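Visitor: I would like to learn how to read a protein model step by step. Could you walk me through one?

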Amino acid sequence: MFKNVLEELLSEKGISQRKLSIEADIPATTISGWLTAGKLPDYNSIKKLAEYFDVTADYLLELKD
């Protein structure tokens, strides 16, 4: 589930949702929606997250380990 992957990445990097919001230029409300409402990111957000966390889009979407 995307939410779990994002929580794991935040924990590994030791950052808050707010810091991710600022550094990756993603609205805090969007990140909150992913983590609490089960929403999924759009293409541009996946690209930003993949670059920020240095992972692939496939990893974020749990298509590959």
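This is a predicted model: local features need pLDDT of at least 70, side-chain atom pairs count only at pLDDT 80 or more; totals for chains, interfaces and linings use all residues.

Visitor: Which residues of H3 are buried?

Guide: Buried means under 20% relative accessible area, exposed means over 50%, and partly exposed lies in between, using a 1.4 Å probe and protein chains only. In H3, the buried residues are Ile31, Gly33, Trp34 and Leu35. Just after H3, Gly38 has a positive phi of about 70°.

Visitor: How many helices and strands does the chain have?

Guide: Helices (H or I, at least four residues) and strands (E, at least two) are DSSP runs, numbered from the N terminus. By that reading, the protein chain has five helices and zero strands, and its pattern along the sequence is α-α-α-α-α.

Visitor: Which residues of H4 are buried?

Guide: Helix H4 covers residues 43-53, and its buried residues are Ser45, Ile46, Leu49, Ala50, Tyr52 and Phe53. Looking down the axis of H4, these fall within an arc of 165°, so they line one face of the helix. The arc is that of the directions from the helix axis to the C-beta atoms. On the other side of H4, Tyr43 and Glu51 are exposed.

Visitor: What covers the buried residues of H4?

Guide: Cover is read from contacts, where contact means heavy atoms within 4.5 Å. For H4, the cover includes helix H1 (2-13), helix H2 (17-24), helix H3 (28-36) and helix H5 (57-60).

Visitor: Let us take single residues. Is Ser45 buried or exposed?

Guide: Ser45 is buried, with a relative accessible area of 10%. Leaving aside neighbours within four places in sequence, Ser45 is in contact with Ile26 and Trp34. For contrast, look at Tyr43, also found in helix H4. Tyr43 is exposed, at a relative accessible area of 64%. The C-alpha atoms of Tyr43 and Ala57 are 9.3 Å from each other, with the two residues 14 apart along the chain.

Visitor: And Ser21, what is it in contact with?

Guide: Ser21 sits in helix H2 and counts as buried at 13% relative accessibility. Setting aside neighbours within four places in sequence, Ser21 is in contact with Ile26, Pro27, Ala28 and Ile31.

Visitor: Where is Ile15 found?

Guide: Ile15 is in the loop between H1 and H2, and it is buried, with a relative accessible area of 13%. Not counting residues up to four places away in sequence, Ile15 touches Leu10, Leu20, Tyr52 and Phe53. The C-alpha atoms of Ile15 and Leu49 are separated by 13 Å, and the residues are 34 apart along the chain.

Visitor: I would also like to check backbone angles. Where is Asp25?

Guide: Asp25 is in the loop between H2 and H3. Its phi is near 55°, a positive value in a residue other than glycine, and Asp25 counts as exposed at 57% relative accessibility. Asp54, which follows H4, likewise has a positive phi, near 55°. In the segment after H5, Glu62 has a phi near 60°, again positive in a residue other than glycine. Glu62 counts as partly exposed at 44% relative accessibility.

Visitor: What share of the residues counts as buried?

Guide: Of the 65 residues, 34% count as buried. Among contacts between residues at least 6 apart in sequence, 55% join residues at least 24 apart.

Terms used
Residues are numbered from 1 along each chain as its sequence is written. Side-chain values use heavy atoms; hydrogens and water are left out.
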